[in-house]
Amino acid sequence: MIRRLQYHEIDFEKYTLCLENSAQRKYSATKTFLDITSDKKWELIVYNDYEAVMPVPYVFKSGVKIVHNPMLCQQLGIFSKEDQVEINEVFLKFLEKNYLIRIYAFNEFNQFKTSLKSKKNFLILPEKYETVYSKYSPKRKRKLRLDEEVVNNSETKDISFEQAESFIKENFLGASKEEDIDSFMMIFKKMAEAGCLIFSAFYLNKRIINVIVTYFDAVTVALLGTFNDKDFVKISGASVLIDSCLKQNIESKIFDFEGSEIPNVEEFFRGFRPELRPYHLIEYSKKDIIKKLLSLKFIMKL
């Protein structure tokens, strides 16, 4: 009924077919996105003959395999033609029994009997741009009305990874270590090389003051990063860039804000009046992982 496959055992044609025809389809579960963000460190739990699938990314810590959502990969979970609580519970129990888990995030559509933690995400579903714009908050609309001087001395354009790299590094917030920033940049570089990432810049007086990073596929545009020169936050270049992206894409694609638990970031996203789409996750502390690992070793000795 349910089995665990290592990466080299996955039938990617069947996996992709299941994902693309699923009720829960997410860009972050595609092979391209997962291969890059996890460096191909992911397995698959399969129900019957790919009737339902659940990708499971992992990292190695001191030689131990631990489940952990990769950087920039907000949601994974179970994918099937229709979301079924009973099937989801089977996957959940299998995951918890057979893996050491640090963090695993399900998708917004996965429902469970088991009580799980949740986090916020925000989406704008495909609709005419004029309708989307009409829903913006009054504050967001004001921010988009730039002063004449700014209009006359600014421009927006898509730039290459090489052009964006130094600005992003200098204005990267939220990463606790230098190596974390390097890891993010490597993912951005690989995605850019794969042709699925766009770097959009707001220039003021021929100087970059804002950059947004968006991931594109056939169904979704995902906001993977917003980077701002703190000396020019009042100019609202990031709002202009997001609005421009929506104008170009929202009629045919979902716009995924990759929601944040940081209050000021959440407030910024809410100004575009997206839909709140919470998702479930399971999370264990390092202490919990050590306890489980020790218990497994004890059982193996018996």
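Helix H9 supplies five residues to the lining of the second largest pocket, the largest share. Helices here are DSSP runs of H or I, at least four residues; strands are E runs, at least two; both are numbered from the N terminus.

First, the ground rules. This is a predicted model, where local features need pLDDT of at least 70, side-chain atom pairs count only at pLDDT 80 or more, and totals for chains, interfaces and linings use all residues. Residues are numbered from 1 along each chain as its sequence is written, and side-chain values use heavy atoms, without hydrogens or water.

Back to the pocket. A pocket is an open set of points on a 1 Å grid over the protein atoms alone, where a 1.4 Å probe fits, with protein on both sides within 12 Å along at least five of seven lines; lining residues have an atom within 4 Å of a point. The second largest pocket holds about 180 Å³ of space, the volume being what probe spheres set on the points fill, with points joined across faces, edges and corners. Its lining has 13 residues. Nearest the centre lie Asp-158, Ser-200, Ser-244, Cys-245 and Gln-248. Strands S9 (154-159), S10 (197-204) and S11 (207-216) and helix H9 (237-249) each give two or more residues. By class, the lining has five nonpolar, six polar and two charged. Nonpolar is Ala, Val, Leu, Ile, Met, Phe, Trp, Tyr, Cys and Pro; charged is Asp, Glu, Lys and Arg; the others, Gly among them, are polar.

Next, helix H8 (178-193) and its packing against H7 (161-170). The angle is about 160°, with the axes 11 Å apart. Axes are lines fitted to C-alpha atoms over the stretch in contact, and angles run from 0 to 180 degrees between N-to-C directions. So H7 is roughly antiparallel to H8, a label for angles over 145 degrees. Phe-161, Glu-165, Ile-168 and Lys-169 in H7 meet Ile-181, Met-185, Phe-188, Lys-189 and Ala-192 in H8; contact means heavy atoms within 4.5 Å. Six of these residues are nonpolar, none polar and three charged.

H8 also packs with H2 (31-38), at about 145° and 9 Å between axes. Here Phe-33, Ile-36 and Thr-37 in H2 meet Ile-187, Lys-190 and Met-191 in H8. That contact has four nonpolar, one polar and one charged.

Last, Glu-267, in helix H10 (263-270). Beyond its neighbours within four places in sequence, Glu-267 contacts Lys-139 and Arg-140.

Terms used: Parallel < 35°, antiparallel > 145°, perpendicular 65-115°, else oblique.
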